[in-house]
Structures are given as structure tokens and as C-alpha cells.
Amino acid sequence: MRVMVLGVGGVGTVIAKKMAERDVFERIVLADLDTTWAERLGAQINDTRFEVARVNAAGVEEMAQAFAGVDMVINAVVPRFNLHIMEAALRARVHYLDMASDGLVELPGNVHIGKQFLYDARFREIDRMAILSMGVDPGCTNVFARYAADRLDRVDEILVRDGDNGEVQGYRFALYFSPEVAIDECIVQPPMTFKDGEFILGVPLETGIEEFTFPDPIGALKVYTVAHEEVEMLPRNIGKGLRYCDFKYALDDQLVQVLKTLNLLGLDRTEPVEVKGVRVVPRDVVTALLPKPVELSGKIHGWSCVGTLVRGARNGEEKEFYLYTMNSHEEAFQRLGVTCTVYQTGIPPVATAEMIADGTIKGSGVVCPEQLDPDPFLERLAEMGLAIYIRESTLRKKGA
């Protein structure tokens with residue numbers, strides 16, 4: 001398979017390094033608007049299958065021409081470019097894969113659906129797949145939910161939880177993943193939960209705060225309900241009577257205060273403002289002042305856990321499945337020279353691309369992670385260095 005990795009930041013780095021380990025990828029193009037890091041990474045990997053290209057994710061026609069020599073484009077840039085990249089993939093007739101969605105659109109009848117799902121028929125027409133949100137969360141968390149649902153007669157709750165007890169050295173403040181994505185998820189988009197057939201919007205950084213106990217060595221952390229793709233996707237695809245679904249991740253008090261302050265001052269805005277005769281985007285100023293995730297490699301110490309807790313029933317017994325991945329930032333740095341956050345996010349898209357290449361995954365149209373067969377996917381992740389842990393518990397036996 002010939003693949004283009006569009007966006008060579010932290011996650012793009014992981015994707016490139018993992019692809020270098022797999023023989024199925026015969027050509028790997030590292031593409032970005034600024035190719036400085038891509039060129040450095042290509043030289044570091046030193047593999048004749050790699051090449052570097054300058055591509056602007058905002059230019060549909062330019063991308064369509066660049067995609068002409070590959071079979072798949074893996075979108076590793078921020079979600080606001082998703083629709084441009086999908087359009088270019090359609091014109092070039094190539095498979096598409098990303099790790100985060102571009103938000104919802106309202107249709108007649110008060111129906112809300114992800115904007116990217118509107119491309120389903122067009123990808124079916126060209127017999128190509130567009131796999132959405134295939135990172136660790138969303139992505140693995142969706143597949144975890146499907147794995148558990150396949151083993152239950154009835155699904156009551158799906159709770160996605162993300163916790164990290166890492167500490168950064170050398171910076172007064174830093175975010176482990178894209179600052180732009182963090183701002184969108186935490187304070188721009190209202191958090192959404194699914195309850196009894198309805199999608200309910202909450203208040204950013206105020207709705208659903210609770211303490212969740214992650215596996216050792218992380219333990220109990222305060223988690224917040226934030227806007228995330230799983231809540232929009234899973235209720236539409238899992239079925240089996242699902243009554244409740246939410247997504248929460250751990251945020252420390254300093255981060256919460258910073259995010260609230262950004263929102264209060266309007267520094268989360270994407271509309272340009274004039275400053276001494278120069279028009280600037282407030283959010284661009286904020287993100288420019290923060291370290292890039294790739295710069296944090298080797299400077300974070302601690303653990304990260306991403307998992308899905310599913311409760312339901314099988315054969316009259318109340319059951320609970322908890323599937324999760326657990327890695328340390330030190331381990332991720334030793335293996336690939338990156339942080340744990342991007343390590344966990346970058347492996348799933350490589351596993352997915354490989355399974356498309358070898359025929360394990362087949363189909364066309366727009367596809368969510370939970371629509372894939374979970375068993376071979378989890379096996380492939382473990383083989384590629386992302387261990388998956390599965391706990392099954394009986395909560396209450398029949399007649400008890």
C-alpha cells in the first residue's frame with residue numbers, strides 16, 4: 001500500500017515510525033505545509049520507501065493532485081481541515097482516515113449528525129473507505145465498546161474514561177496533545193451525553209464532574225465531561241438497548257483554570273481581531289506560545305490510561321466489561337522517542353491501514369471504528385506494541 005501521512009507533528013511522527021516497521025507499506029509520503037520536521041524525520045528513519053512533500057491542507061485541488069500517487073491519505077492535522085481533505089480524497093479516489101471529527105450539523109427534524117457522514121454515498125460510489133476518528137480516543141475506545149457489546153445481550157451504559165497522571169518537566173504549562181483540539185473539546189463545544197434516546201448538551205467544565213478510579217499506578221482522578229466523538233457515534237451504532245453514554249477525561253485544577261481564563265478573555269476565538277494595525281487570531285497566539293506536543297518527548301513522567309467501561313446483561317446476569325490500554329510516558333519515549341499521548345494515538349491508524357492493505361478490513365463509505373470487527377483489530381494493536389487489557393465481571397447473578 002502507498003500512503004500519505006498529512007501532518008507530521010507528534011502523532012504523524014508515531015505513524016511514520018510504526019509504518020517503517022511494517023513491510024506492507026511500499027511508499028510512505030510525509031506531507032506538511034512546513035516540511036522541516038518531516039525532512040528531519042525522514043532522514044532519521046533512513047528508509048528508501050519514505051519521501052517528503054509540501055502540501056497545504058486548505059487547498060483541495062492541490063491535495064487531490066498530491067494524493068494521486070497513493071492509495072490512502074492519513075489525516076493527522078487538526079479537524080477543521082477534515083472536509084477539505086475528504087473532498088480531495090474523493091477527487092483522487094483514495095481511502096481516507098483521520099483521528100478526530102469536525103463537529104455536528106443539524107438536519108431537518110432536530111437530527112444532529114457528524115458533517116463527515118454526509119460524504120458516505122460519495123465514498124461508496126468510488127468504492128473507497130473513509131474511516132473516521134481512528135486514534136485511541138476516539139478510535140480504540142469505540143472498538144472496546146463494540147467488543148463488549150458483542151458479548152452482551154443488552155447494553156445499558158458505555159462510559160469512556162481517559163486519565164493521565166503525568167508531570168511535565170521544564171515548562172510552567174503544557175498540553176500533551178494539540179492545544180487547538182483541547183480548546184475545542186473543553187471550552188468551545190458544549191459537552192454532550194446520551195440518555196434514554198436523547199442527546200443532552202451540558203456546560204463546559206461544569207457538567208458531570210466526578211472522581212473515577214483508574215487502574216494502578218494512576219488511581220483516582222477528577223474527570224470532566226467534554227465534547228467527544230464517542231458520544232455521538234456509539235449510540236447510533238451499538239444498539240442493544242443502550243440507555244446512557246458519556247465521555248470524561250481527567251483535567252488538573254491548573255489546566256481547568258487556564259482554559260476558563262482563555263474563554264473568559266476570548267482567547268479561544270478563531271475570528272481575527274486587530275492589534276496595533278495587525279489582524280491576528282487570538283487562538284493562534286495562544287497555541288504559538290505553548291510547546292508543541294512533539295517538543296515534550298522525554299520531559300513527561302507518569303502514566304496514561306484510556307478505557308471504556310460497558311455495563312449490561314448476558315444470560316440473565318448483570319455484567320461489566322472494562323477494556324483499556326495503559327502506558328507510561330517513559331516507555332513511549334524509550335520505544336519511539338515520543339510522549340505516551342501521541343504514542344497511543346498514532347498506532348491505531350497504522351494498524352487500520354495495514355488491515356485494509358491485507359484485506360482484513362473491507363468495505364466502502366464512511367465508517368466508524370465500532371463498525372469494524374474488534375477481535376482482529378485488538379490483536380493487531382497488541383502485536384504493534386499497544387497492549388490491551390480486558391476485565392470481565394459479574395455484577396449480579398440471576399435471581400440474586
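I began with the ring faces: Arg151 sits over the face of Tyr147, 3.5 Å from the ring centre. I call a charge "over a ring" when NZ of Lys or CZ of Arg is within 6 Å of the ring centre and within 35 degrees of the ring normal. Arg161 is likewise over the face of Phe212, at 5.7 Å from the ring centre.

A note on what I am looking at: this is a predicted model, where local features need pLDDT of at least 70 and side-chain atom pairs count only at pLDDT 80 or more, while totals for chains, interfaces and linings use all residues. Residues are numbered from 1 along each chain as its sequence is written, and side-chain values use heavy atoms, with hydrogens and water left out.

Leu378 touches Tyr147, along with Val143, Phe144, Leu323 and Ile388, not counting residues up to four places away in sequence; contact means heavy atoms within 4.5 Å.

Leu378 also turned up in the largest nonpolar core, which has 85 residues. Such a core is a set of buried Ala, Val, Leu, Ile, Met, Phe, Trp, Tyr and Cys residues joined through side-chain atoms within 4.5 Å. Buried means under 20% relative accessible area, exposed over 50%, and partly exposed in between (1.4 Å probe, protein chains only). Leu378 is among the members that touch the most others, with Met19, Leu30, Ile74, Ile158 and Leu381. Helix 12 (residues 340-357) gives the most to this core, nine residues. Apart from it I found another core of 31 residues, including Val70 and Tyr119.

I take helices (H or I, at least four residues) and strands (E, at least two) as DSSP runs, numbered from the N terminus.

Then I searched for aromatic pairs and got five in the whole structure. Rings of Phe, Tyr and Trp (its six-membered ring) pair if their centres lie within 6.5 Å; planes under 30 degrees apart are stacked, over 60 edge-to-face, and the rest tilted. Phe194 and Phe199 make a tilted pair, 5.1 Å centre to centre with 55° between the planes. Phe194 is buried at 7% relative accessibility, whereas Phe199 is partly exposed at 30%. Phe247 and Tyr249 pair edge-to-face, at 5.6 Å and 80°, and both are buried. Ring pairs also link Tyr322, Tyr324 and Tyr389 into a cluster.

Last, I checked the whole protein: I count 13 helices and 22 strands, and 55% of its 400 residues are buried.
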